[in-house]
There are 2 protein chains.
Amino acid sequence: MNLALKEKLATYQKRVERGIEQLLPTASTRPERLHAAMRYSMEAGGKRIRPVLMIAASELFPSQADPLAAAVAIECLHTYTLIHDDLPSIDDSDLRRGRPSCHMQFDQATAVLAGDSLLTYAFQLLAGNYAQQPSLATGLIHDLATASSSERLIGGQMEDIDNEGKPIDAETLRYIHENKTGALLTAALTMGLRFCAPTIEQLQQIEAVGYHLGLTFQIVDDILDATSNAEELGKPVGNDSASDKSTYVALHGIDGAHREAKKHTAAALKNAEALGGNNAFLLDLIADLEHRIN
Amino acid sequence: MNLALKEKLATYQKRVERGIEQLLPTASTRPERLHAAMRYSMEAGGKRIRPVLMIAASELFPSQADPLAAAVAIECLHTYTLIHDDLPSIDDSDLRRGRPSCHMQFDQATAVLAGDSLLTYAFQLLAGNYAQQPSLATGLIHDLATASSSERLIGGQMEDIDNEGKPIDAETLRYIHENKTGALLTAALTMGLRFCAPTIEQLQQIEAVGYHLGLTFQIVDDILDATSNAEELGKPVGNDSASDKSTYVALHGIDGAHREAKKHTAAALKNAEALGGNNAFLLDLIADLEHRIN
């Protein structure tokens, strides 16, 4: 990543961190254990890719409101999925972002409820902060709920679990990744663009960006899992192959996976260029995601 | 319950059942296991108290839209809380409404994800079905998200867990019940009334109805747990005292609990009468909830 992009990205990430700090209930809110767990997982750092993408998309054209509450909402949604995925009955991960996962730091009951709380809070933030622009609020909630539904994000996670230890075909792998990862990344972009009162065509165009970006993101995840060490990644590596999880690397090999990532990055860039507007930062982000190292 | 009320209630319940049948993804939607679990828990019967209360409230004054999708949404929300509460790491209940609970019928991972899915679907239904009336949609979503948040419904559940096996004072018991049970029952009423484009004062008045109704409901729950048998109740009884759970009966005795239920029913009726409008069915429902047997 070049220095200018690195500094710009850090500025956006800090804005998101401040939004999380300000918009979430304090850790001393009753019941304290629950709110401490919500903040523990939300403040664990991470790259804040979804909120940053959302803000970048909201800046493509003149915006009708501050997207920060929506950016925090999508990070709440993403964080809930991590908390529940880490549970012993699902992926059974003890480590997340280099720290004990939520159920290890607190306990399983608290982790289930903290995840439920963050999921709920995402919608509370949207309905509460954009009540004066109810069409915007309804559009944002529609995008977020649809992307994270049983037919998209949760559906992808379910099929991932169902296919553990089984031979997998390319179509099923595609289904899992389009939904488990791609749906929410796409929602980050469509939700951001909604702040610019977009046309249907513009929304479809940014959906195409999200589709290809989501696939790139997941392919790179699979490559990193196969080639990184735990310290770089902040979570256990080789987890996927250890439990016979289906990955792009398993299906296409490392070189094939890199080729796929390159292809989808090019397609995402092409659509983002066609969208026009103030797209320099978004183009830089897309190009960079192919080369991330954690 | 008198025959006229019984028949009227059955009509409303059938309308809710049809709404669930029509508005939820079919059990054969991919991934099938997940959608089968969602429908399994949603179609387990139950009294449909929250959606019926919502429809009754929507009929107090002329309504601006069909409340059925919102009624199904609140039942999705309620059902997700039952699925997650039954998990081994929370209440560890094998039985729900006379059938194996969701994680017993499927497995824990599916139950976590089916709960997440129903919670998400509640908001998807609201944003999707009332998109043409975005102020109504935003109000409904605000009420539902706030009532089911970490400071209300989930907060009540968390404090309930935290106080298991400990001596409990009346204030903590009140906190648990106001939030774990009362918040969503109150939301059923405020959401229903939102269909009538209410004034702030009317919303506050129906909130007072919900507050007292919620307390009555929980007190009666505690009485039934102490006095019923499992067949009548469709779930294990004596569960609360077995795990030293805090109940009205433990704190006030059976007679004291009955007196409390009577007092709060009277207060709910008084507020519902003051609200006026087409309130005969709502008054009947409130009066009857004190005397329910399961």
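**Entry 1. Elements and overall form**

I take helices, of at least four residues, and strands, of at least two, as DSSP runs numbered from the N terminus. On that basis I count 14 helices and two strands in chain A. I note at the outset that this is a predicted model.

I looked up the extent of chain A next. Its C-alpha trace spans about 50 × 50 × 40 Å along the principal axes. I then checked the radius of gyration. A compact globule of 294 residues would have a value near 19 Å, and chain A has 18 Å, so the two agree.

I also looked at burial and contacts in chain A. Of its 294 residues, 52% count as buried. Among contacts between residues at least 6 apart in sequence, 70% join residues at least 24 apart.

**Entry 2. How the two chains are related**

I superposed chain A on chain B. A rotation of 180° does it, with 0.0 Å of shift along the axis and an RMSD of 0.0 Å. The two copies are therefore related as by a two-fold rotation axis. I asked which C-alpha of chain A is nearest the axis. It is that of Pro134(A), 2.6 Å away. Both copies use the same surface, since 100% of the contact residues of chain A recur in chain B.

**Entry 3. The contact between the chains**

I found 45 residues from chain A and 45 residues from chain B in the contact. On the side of chain A that touches chain B, the elements giving two or more residues are α2 (32-42), α6 (108-129), α7 (134-147) and α8 (153-162). Which of them gives the largest share? I find that α6(A) does, with 13 residues. By residue type, I sort this side of chain A into 21 nonpolar, 18 polar and six charged.

I checked the length of helix α4 (residues 68-86) of chain A. At 1.5 Å a residue, its 19 residues should span 27 Å, and the end C-alpha atoms are 27 Å apart, so the helix agrees with the rule. I then asked how many residues of α4(A) are buried. The count is 17 of 19, and I record the helix as mostly covered.

I turned to the largest nonpolar core, which has 172 residues. The members that touch the most other members are Leu126(A), Leu144(A), Leu126(B) and Leu144(B). I listed the contacts of Leu126(B), leaving aside its neighbours within four places in sequence. They are Ala70(B), Ala73(B), Ala137(B), Leu140(B), Ile141(B) and Leu144(B). As a background note, nonpolar side chains tend to be buried together in soluble globular proteins.

I looked up Gly253(B), which is found in helix α13 (residues 248-275) of chain B. Is Gly253(B) buried or exposed? I count 12 C-beta neighbours inside 10 Å, so Gly253(B) counts as exposed; the cut-off for exposed is 12 or fewer. I also took the separation from Tyr40(B), 213 residues apart along the chain. The two C-alpha atoms are separated by 37 Å.

Arg259(B) is found in helix α13 of chain B as well. It has 13 other C-beta atoms within 10 Å and is therefore partly exposed.

**Entry 4. Backbone checks**

I went through the peptide bonds for cis cases. The bond from Arg30(A) to Pro31(A) is cis, with omega near -5°. Pro31(A) is placed in the loop between α1 (3-23) and α2 of chain A. In chain B, the bond from Arg30(B) to Pro31(B) is cis, again with omega near -5°. Pro31(B) lies in the loop between α1 (3-23) and α2 (32-42) of chain B.

I then looked for positive phi in residues other than glycine. Arg48(A) has a phi of about 55° and is not a glycine. I find Arg48(A) in the loop between α2 and α3 (49-58) of chain A. With 24 other C-beta atoms within 10 Å, Arg48(A) is buried, because the cut-off for buried is 20 or more.

Ala197(B) has a positive phi too, near 50°. Its place is the loop between α9 (170-194) and α10 (200-227) of chain B. I count 15 C-beta neighbours inside 10 Å, so Ala197(B) counts as partly exposed.

Terms used. Residues numbered from 1 in each chain as written. Chains lettered and ligands numbered in written order. Predicted model: local features only at pLDDT ≥ 70, side-chain atom pairs only at ≥ 80, totals over all residues. Least-squares fit on C-alpha atoms with pLDDT ≥ 70 in both. Contact = placed C-beta atoms within 7 Å. Rg over C-alpha atoms; globule rule 2.2 N^0.38 Å. Nonpolar A, V, L, I, M, F, W, Y, C, P; charged D, E, K, R; others polar. Expected span 1.5 Å × (residues − 1). Core = buried A, V, L, I, M, F, W, Y, C linked by C-beta atoms within 7 Å.
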